[in-house]
Amino acid sequence: MPSESATGAELAAAVKSHNFFSWSAQDAVNPIPVVRAEGVYFWDADGKRYFDLNSQSMCVNIGHGDPRVVAAIKAQADELIYAGPGMATRVRAELGEALAQVTPSGLDKFFWTLGGSDANENAVKLARAVTGRQKILTRYLSYHGATYGAVSLTGDHRRWANEPGIPGVVRIADPTSTAACSSGMATVTPISHSVCWQK
Ligand SMILES: Cc1ncc(COP(=O)(O)O)c(C=O)c1O
């Protein structure tokens, strides 16, 4: 276990020992040993500051460590840290009401999931159940998640190792061409158009 004063290299090595990293050649992974974050910045264990234009995985969009979010997490942990999906809770009612106020009229019932892959797979299940149809249209230049159904929907190369995937997925071309690929990117032409990705 790395100490609290571990260097960035020590922390990264300790994490690499017992953790897989997604979408990566495991030996080549070089994780940033992040130790704290505030606003638009995060810092690594060696004190280097990073400007976080991606909000990590697009998950802290109002900034790192916003005191309102921290206080709400703490208060909820004190009040009720977990409730199963069959329970009715005050926050569940509040969140549904708040979301219904900003969604288009008629779109006012929600199914909460734990992430993007989960959301996409449930959307497929709901659409199939409601329409009775099976086909799902998806773009070649797309990423829909890492779980089995979501990666089947994914258009890019991350799907390939997981084929054949779920049935009923129909891929459509994007409004792009090889001309849109930056130099140094690889291209492939699966049907009638090209997909580019970082070599
Ligand atoms: C467009 C898009 N869809 C789906 C996902 C999958 O989300 P998750 O990693 O939460 O399963 C991502 C994740 O980066 C995404 O960017």
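Two residues count as in contact if their C-beta atoms, placed from the backbone, lie within 7 Å. Keep that in mind for the first stop.

The model is predicted: local features need pLDDT of at least 70, side-chain atom pairs count only at pLDDT 80 or more, and totals for chains, interfaces and linings use all residues. Residue numbers start from 1 along each chain as its sequence is written.

**Stop 1: Ala 150**

Select Ala 150. Leaving aside residues up to four places away in sequence, Ala 150 touches Ser 117, Asn 120, Glu 121, His 144 and Gly 145.

**Stop 2**

Helices are DSSP runs of H or I with at least four residues, strands are runs of E with at least two, and numbering goes from the N terminus.

**Stop 3: the ligand**

Which residues surround the ligand? Select Ser 57, Gly 115, Gly 116, Ser 117, Asn 120, Tyr 143, His 144 and Gly 145. A residue is near a molecule if its C-beta atom, placed from the backbone, lies within 6 Å of it. Helix α5 (residues 116-131) gives the most to this shell, with three residues. The shell holds one nonpolar residue, seven polar and no charged. Here Ala, Val, Leu, Ile, Met, Phe, Trp, Tyr, Cys and Pro count as nonpolar, Asp, Glu, Lys and Arg as charged, and the others, Gly among them, as polar.

**Stop 4: the sheet**

Move to the three strands of an open antiparallel sheet, in the order β1-β2-β3. Strands β1 and β3 (49-51) are at the edges with a single partner strand each, so one side of each lacks a neighbour in the sheet. Neighbouring strands are turned by 30° against each other on average, direction ignored; axes are lines fitted to C-alpha atoms.

Pairing requires at least two DSSP bridges between two strands. Four bridges join β1 (residues 34-38) to β2 (residues 41-44). Click Glu 38; its bridge partner in β2 is Tyr 41. Arg 36 stands opposite Trp 43. Between β2 and β3 there are three bridges. Tyr 41 has Phe 51 as its bridge partner in β3, and Phe 42 has Tyr 50.

**Stop 5: the turns**

End at two glycines. Gly 39, in the hairpin of β1 and β2, takes a positive phi near 60°. Gly 47, in the turn between β2 and β3, has a positive phi of about 90°.

Methods:
Axes fitted to C-alpha atoms, helices over the stretch in contact; angles between N-to-C directions.
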